[in-house]
Amino acid sequence: MTLWTEICDLVTRHQITLLADRLVTLTEEERAELGGRLPGLVKELRRARTEQVRAQHPDDFEEMASWEVGDLLDELAGALLLTGVGVITGPAAAVRVRATATGRGPW
């Protein structure tokens with residue numbers, strides 16, 4: 001299992017304690033690798049949930065997708081935020097991760 005796969009698995013299974021334990025052991029190189037890929041995870045999660053909803057609810061896809069994707073991001077927000085704080089350094093980067101993870105800006 002690659003580092004990226006391991007972290008993604010911990011995030012999607014919402015394994016906060018294990019995720020935190022793993023994040024504190026990362027080297028600077030590993031943090032940089034994960035930090036560059038983290039925003040793509042949010043996009044991938046949205047895409048996958050949207051496709052799932054489209055298959056399950058073809059008649060009322062638009063309304064259901066909005067709710068389902070929002071619920072998914074709400075469920076995983078803590079894990080995504082923790083990962084962002086754990087891998088991306090600097091105050092501006094932390095704000096960017098928060099906004100990406102929740103789908104809203106800090107304003």
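User: What makes a stretch an element here, a helix or a strand?
Analyst: Helices (H or I, at least four residues) and strands (E, at least two) are DSSP runs, numbered from the N terminus. From that end, the protein chain runs α-α-α-α-α. The chain has 5 helices and 0 strands.

User: How do we know where this model comes from and how it is read?
Analyst: This is a predicted model; local features need pLDDT of at least 70, side-chain atom pairs count only at pLDDT 80 or more, and totals for chains, interfaces and linings use all residues. Residues are numbered from 1 along each chain as its sequence is written, and side-chain values use heavy atoms, with hydrogens and water left out.

User: Where is confidence lowest and where is it highest in the protein chain?
Analyst: pLDDT is the predictor's confidence in each residue, from 0 to 100. Helix α5 (residues 91-102) is lowest, at a mean of 61. Helix α1 (residues 3-12) is highest, at 94. The chain averages 81. Where pLDDT is low, the predicted coordinates should not be read in detail.

User: Why is α1 called oblique to α3?
Analyst: Axes are lines fitted to C-alpha atoms, for helices over the stretch in contact, and angles run from 0 to 180 degrees between N-to-C directions. The axes of α1 and helix α3 (residues 28-56) come within 10 Å and cross at roughly 50°. Under 35 degrees is roughly parallel, over 145 roughly antiparallel, 65 to 115 roughly perpendicular, and the rest oblique. Therefore α1 is oblique to α3.

User: Which residues of α1 make the contact?
Analyst: Contact means heavy atoms within 4.5 Å. Among them are W4 and I7 of α1, with L34 and L38 among those of α3.
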